[in-house]
Protein chains: 2
Amino acid sequence: MSTLIGVDWGTSSLRAARLDAAGEVLEERSLPRGILTVPAGGFPAVFDEACGDWMREPGALALLCGMAGSRQGWVEAPYAGCPAGFADVAAQLTWIEPGRIALVPGLTCHEHGVPDVMRGEETQVFGALELLGLQSALLVLPGTHSKWVRVIDGGIDRFATFMTGECYGLLRQHSILARMMPAGDGELDAAAFVQGVHHARRSGTLLHAAFSARTLALFERLAPAAVPSYLSGLVIGEELRVQDLRGTLSVAVIGAQALTCRYELALATLGVTVTRVGSQATWRGLRAIASTLQGTS
Amino acid sequence: MSTLIGVDWGTSSLRAARLDAAGEVLEERSLPRGILTVPAGGFPAVFDEACGDWMREPGALALLCGMAGSRQGWVEAPYAGCPAGFADVAAQLTWIEPGRIALVPGLTCHEHGVPDVMRGEETQVFGALELLGLQSALLVLPGTHSKWVRVIDGGIDRFATFMTGECYGLLRQHSILARMMPAGDGELDAAAFVQGVHHARRSGTLLHAAFSARTLALFERLAPAAVPSYLSGLVIGEELRVQDLRGTLSVAVIGAQALTCRYELALATLGVTVTRVGSQATWRGLRAIASTLQGTS
């Protein structure tokens with residue numbers, strides 16, 4: 001099997017890796033060239049800047065996941081519908097250069113007739129399942145837009161998006177609460193964080209719970225330095241409040257350590273343990289997709 | 001009974017009115033001098049600018065409600081605790097100049113040990129009860145921070161704050177959703193608004209429901225011009241989702257027409273009618289408090 005170039009091309013950054021046959025990283029690069037920074041028609045040049053040298057190897061194959069396949073991306077790669085197994089995703093690549101450069105499709109699912117979407121997370125989920133040796137699982141991909149993903153028998157059955165990270169940022173930077181917090185977030189105050197998780201779960205809606213950050217500070221029951229941690233607990237607790245965790249003992253959390261450890265703290269309050277998976281899930285997922293292409297295309 | 005000067009001094013503006021014995025407005029003024037615009041020690045001068053001529057009348061009495069009594073205001077007026085009847089509020093004025101200028105206390109209540117607060121709304125509620133001839137009611141004061149107030153036997157039993165207007169503004173102006181909306185809100189699209197109300201009620205949390213504004217627009221099921229109305233329906237629907245409206249046939253909504261009509265639309269989806277009360281509620285409430293002072297102070 002020849003060299004695989006994996007590219008995770010998101011809204012605000014581009015990560016690329018040269019992978020061996022097992023999906024291990026030989027070399028990795030990161031560029032601040034998310035799709036929002038790329039002018040119309042500029043995608044081939046940015047791709048060449050990121051991976052041009054790697055692509056000169058004979059038989060090199062590049063698989064791209066993430067927002068590069070969105071309407072604002074390089075080429076629009078249609079969404080695959082849920083439930084979607086690994087084979088469904090692997091079979092629906094959109095080829096930019098046949099046999100050389102392809103986009104992984106995003107996924108869509110419906111709830112109450114309203115669509116939800118993901119791009120890139122499907123690849124991380126399939127990679128994580130392989131890394132963990134699981135066929136059924138509940139996975140969380142925390143971030144600006146957190147995804148909760150239910151996998152049954154190796155396929156993504158359904159998922160839901162939560163604007164958790166974005167709402168934290170809005171409240172942290174632009175709301176009335178911003179005025180009562182120090183400029184920097186500082187280290188996580190675990191006690192304040194857990195207090196926020198509990199309050200959000202009792203409160204019924206973040207619209208109400210968030211106001212408690214103001215009143216607790218007003219009555220000097222929460223130090224200004226602890227408010228960012230409390231607010232983080234509120235938004236993550238709000239996300240947890242609506243999850244159906246009956247019978248769930250463990251959740252796989254995919255992401256950077258700074259965020260996954262917060263989910264671990266929050267889920268511990270519900271007696272649910274966490275298995276952490278890092279960014280290698282993306283590369284493992286892309287390698288698995290590439291392996292379905294042997295001798296084809 | 002001599003002239004009463006009523007002042008509703010909020011965060012971003014100051015409204016003042018000269019009132020007759022029945023609480024009717026003889027003259028009204030509005031200044032863009034909310035407490036955030038007033039430097040330390042500057043309150044007497046701004047008050048004089050707003051009401052100095054009226055205060056020169058013999059026996060003139062000024063009653064102030066709102067954020068002028070907050071820690072960042074003229075003088076801090078301690079909160080009265082809930083449940084609080086009209087007499088409790090009227091008896092706990094904080095005098096700035098004895099017999100001449102007084103602040104109405106705000107209210108505080110607790111839920112799950114967490115405090116909530118209001119300043120100014122208590123006066124509007126008591127005024128509205130008088131205007132409507134009610135002793136028990138559920139009232140809503142929509143706005144940046146909406147208040148839902150439960151009145152039993154003439155007293156404010158409990159209330160809760162929702163950061164509804166503020167969260168609308170944050171999502172409207174600063175979130176990823178802002179990019180898919182036209183610059184101005186335009187006229188309310190009632191169908192899109194009601195669609196948002198329904199989706200928020202089904203959705204369980206605004207963190208998830210808000211993402212539907214993005215996906216519905218992405219799949220061209222919602223026109224860009226309709227997204228602001230849909231988003232408004234989402235945030236107001238989220239606020240309604242957690243209200244206990246069992247046995248409630250009618251809710252009193254206090255505020256400006258542009259906002260109260262949205263609550264009327266939203267509550268109609270639940271079979272609840274609305275009685276609208278305008279800004280005269282504040283003046284009526286201040287006049288009722290003043291009437292308890294006759295011959296005292």
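## Salt bridges between the chains

A salt bridge is here a side-chain nitrogen of Lys or Arg within 4 Å of a carboxyl oxygen of Asp or Glu. In this predicted model, the rule finds 2 salt bridges across the interface of chain A and chain B. A:Glu220 forms a salt bridge with B:Arg71, and the closest N and O atoms of A:Glu220 and B:Arg71 are 3.9 Å apart.

## Extent of the interface

Where chain A and chain B meet, 51 residues of chain A are in contact with 51 residues of chain B, and the area buried between the two chains is about 4200 Å², with carbon and sulfur atoms giving 68% of that area. Of the area that chain A buries against chain B, A:Met163, A:Leu207 and A:Phe211 supply 17%, which is more than any other three residues.

## Packing of helices 7 and 8 in chain A

Within chain A, helix 7 (residues 211-218) and helix 8 (residues 227-241) pack at an angle of about 150°, and their axes are 10 Å apart. Because angles over 145 degrees count as roughly antiparallel, helix 7 of chain A and helix 8 of chain A are roughly antiparallel to each other. The crossing of helix 7 of chain A and helix 8 of chain A is right-handed.

On the side of helix 7 of chain A, the contact is made by A:Ser212, A:Ala213, A:Leu216 and A:Ala217, which meet A:Val227, A:Tyr230 and A:Leu234 in helix 8 of chain A. By class, this contact of helix 7 of chain A with helix 8 of chain A has 6 nonpolar residues, 1 polar residue and no charged residues.

Terms used
Residues are numbered from 1 along each chain as its sequence is written. Chains are lettered from A and ligands numbered from 1 in the order in which they are written. This is a predicted model: local features need pLDDT of at least 70, side-chain atom pairs count only at pLDDT 80 or more; totals for chains, interfaces and linings use all residues. Side-chain values use heavy atoms; hydrogens and water are left out. Axes are lines fitted to C-alpha atoms, for helices over the stretch in contact, and angles run from 0 to 180 degrees between N-to-C directions. Helices (H or I, at least four residues) and strands (E, at least two) are DSSP runs, numbered from the N terminus. Angles under 35 degrees count as roughly parallel, over 145 as roughly antiparallel, 65 to 115 as roughly perpendicular and the rest as oblique. A crossing is left-handed if the near helix is turned anticlockwise from the far one by less than a right angle, and right-handed if clockwise. Contact means heavy atoms within 4.5 Å. Ala, Val, Leu, Ile, Met, Phe, Trp, Tyr, Cys and Pro count as nonpolar, Asp, Glu, Lys and Arg as charged, and the others, Gly among them, as polar. Buried area is the accessible area (1.4 Å probe) that two parts lose on being put together, summed over both.
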